[in-house]
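I opened my notebook to look up a few things about charged pairs and nonpolar packing. Here are my entries.

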Amino acid sequence: MDRRVDLAGSLVIMVLGLGVFVTSVLAPAPQRLFDLLGPFGLPAFLGAGMAIGGAWQSVETFRRLRRWGVIGVPEGTPDEAEYPSSASRAVGFMVGGVGYAVTLPFLGFLVGTPIAIAAALWALRFRRPLFIAAAAIGYTVVAFIVFNQLLSVPLPLGLLNDLLVNLGVVERVR
Amino acid sequence: MDAFFGPLAGAFELLLDPRLWLLIAIGTMFGVVVGALPGLATTLAYGLVLPFTFAMDAVSAVTLLLSVTVGVSYGNSIPAILIGVPGTPAAVLTVLDGYALHRRGETGFALGLAYISAAVGQAVSVLFFIGAVVPLASLAYYFLNPEIFALYLFGIVAIVSLTGRNLVKGLLAAAIGLLVGMVGLDPVNFVSRFDFGERILRSGLSLPVVVIGILAVSELFRQARQSFQWKAGGIVDARFPSFKKVRPTLPAMFVGTVVGTLVGAIPGAGGTPAALISYQQAQLISKNPKLFGKGAPDGIAANEAAQNSANSGELIPTLGLGIPGSGSMVLLLAALTIHGFLGGPNLIRDAPQLLHAAVAGMLGGTILLLITGWPIAKVMLRVLTVDRSLVIVLSLATVVVGIYSINYRIFDVVVCFVFGGVGYFMLRYGYSTAAAALAVVLSMGMESGLRRGLSLFENDVVTFATRPITAAVLILAMVFFALGLRRAIRADREARAEEQAAREGAS
């Protein structure tokens, strides 16, 4: 466990807690209050708790960093011991996932999904291009049939929307 | 007696529907496959199946989800015995004795024992479940707002105290979850909070989206850190054990069933602690305690019976009190919320068909496994030849489509990934994702209980807190907190000793 990341996390929580507390305290009270706390009482309490807890955790982590160094005994779920791990790959998946979601309305499910699946498999060191293509396209087609055709979920079609509407595969969404 | 046999009769009536059996078959087989793949737990299985349940009625949804649980709890013993890797953490002790028996050439005995213990533990614990949850439902009339608040607070404190090594981090995770649940309209004044002027946030964040992100997507991100392939064994040839060989393990099986149901009923406990405790208890009563860890049949029997019976145990607080017993139960409650059912002591009273569905799912899954479990065990080994990377990526893709299908919003997919990232950080750095997810689900009910309760008693906090059931539950919460604090202090001491030892080893 990298204590610097742990420290950064606690500091973020502390700042978030402070932000919630200040926002709650400064929020205008409603015209009529039915209870002791009001709409912002509990958030203010939780924000204060997070600020104090985050500060405490930051101090503890900083002390351990000074005493024991950067790498510490994992407090969370450890990786499998025998294999190398890559935090940047996990972060890449997160960023890639959000990127995929944001571009979905433009690219559409049928174009964006195979690209995303292929990129993800390649990132996981899956090095069989033909199999990747087959898996990406095959999954996309099956998922489209199951969700769009059978379960009537209107998946975003983006670039292929007009073509599929003209072919009668999907109905035009107004 | 009617209160006990009523749910059983209701479950059997549901099981007359062939459509429900189809769902049970799909759920159980899917659960067995997920359980057999190391690292993919019940929570992830629920995360993958959950979006499909939104297109179903509540009874079908509950039946499907619980049959998945039955499948996972059986499936996780297969790789534990055959390749020495537990399918889920609850099967870790099955590895010790099961894999040892496999290496000695007694594969059939180990697999058969796991199969029988799973079925017995599951079937018998369903009866305990009905016996416990029905009286709880009758207490619903005594649960007003103060009691609901105390119950939800207890649920969160219990899960924080029992999971993770760092109590402060557990409380912070719960606080984050509670705040996330407060985005949108407050339950009393209907004032919009933390919406940053965005209309889309005024109705709050979708509960299942956030919970699936924190519990399931985070785990997939964590799995993506490493690229490797599961070890697969060769073809297995094993004979089903005779009753004469199994009979001596019956006491251990019974201990496992009872302990599993009881421990599973504690919020935050679940299958893994249930299995560990029953393993210890079985060793205490065993005629050959020294054999434990080296191929003791009693060890397998106790462990498997416990982790399977814990499924029913977890359902007791989930359906009886509205406090999810584990991460997967959080998702079950989220599914019920989507169908318009509010978790709480009134759930069984207002919707008894959900109790029947739960029993039908568990019993149906168990009956199906009794018929197919033995041949499946050998076939499941082939599942491990599927590429792990493919499973991770396609699971993520399925979650994305499933999340989109809830409200047809790209925003939900983005939220899911964002909370997947938050959950990933929590998983890596010791913040309890179960506590955060539980707090998200209980947040609105807890705040509503607190504020409406105060309003009901004219803001008299003393009267609020000293109502008998409220006071008893709050005291129980404090006891659990104290236990959690003691556990955290001990864990901290151990961590310091580990650090010291590591430094000395390095120098």
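Is Asp195(B) buried or exposed? I looked it up in this predicted model. Asp195(B) is buried, because its relative accessible area is 13% and the cut-off for buried is under 20%.

**Entry: the partner of Asp195(B)**

Next I checked what Asp195(B) pairs with. I found a salt bridge to Arg202(B), where the closest N and O atoms lie 3.4 Å apart. Arg202(B) is partly exposed, at a relative accessible area of 37%. I noted the contrast: Asp195(B) is buried, whereas Arg202(B) is partly exposed.

**Entry: salt bridges over the whole structure**

I then searched all chains. The count came to 19 salt bridges.

I picked out Glu106(B) and Lys245(B). Their side chains meet in a salt bridge, at 3.4 Å from N to O. This pair joins distant parts of the chain, 139 residues apart. Glu106(B) sits in the loop between helix H6 (92-103) and H7 of chain B. Lys245(B) belongs to helix H11 (residues 243-246) of chain B. Glu106(B) is partly exposed at 25%, and Lys245(B) is partly exposed at 39%.

My next pair was Arg467(B) and Glu147(B). Their side chains form a salt bridge at 2.7 Å, N to O. The two residues are 320 residues apart, so I wrote down that this pair also links distant parts of the chain. Arg467(B) is in the loop between helix H21 (461-465) and helix H22 (468-506) of chain B. Glu147(B) lies in helix H8 (residues 145-162) of chain B. Glu147(B) is buried, with a relative accessible area of 2%.

I also found a network of salt bridges. It links Asp35(A), Asp186(B), Arg193(B), Glu447(B) and Arg451(B).

**Entry: nonpolar cores**

I turned to the nonpolar residues. The largest nonpolar core has 197 residues. Among those with the most contacts inside it are Phe129(B), Ile156(B), Leu315(B) and Leu319(B). Which helix gives the largest share of this core? Helix H7 (residues 107-138) of chain B does, with 14 residues.

Last, I looked at Leu319(B) and left out residues up to four places away in sequence.

Definitions and conventions:
Residues are numbered from 1 along each chain as its sequence is written. Chains are lettered from A and ligands numbered from 1 in the order in which they are written. This is a predicted model: local features need pLDDT of at least 70, side-chain atom pairs count only at pLDDT 80 or more; totals for chains, interfaces and linings use all residues. Side-chain values use heavy atoms; hydrogens and water are left out. A nonpolar core is a set of buried Ala, Val, Leu, Ile, Met, Phe, Trp, Tyr and Cys residues joined through side-chain atoms within 4.5 Å. Buried means under 20% relative accessible area, exposed over 50%, partly exposed in between (1.4 Å probe, protein chains only). Helices (H or I, at least four residues) and strands (E, at least two) are DSSP runs, numbered from the N terminus. Contact means heavy atoms within 4.5 Å. A salt bridge is a side-chain nitrogen of Lys or Arg within 4 Å of a carboxyl oxygen of Asp or Glu.
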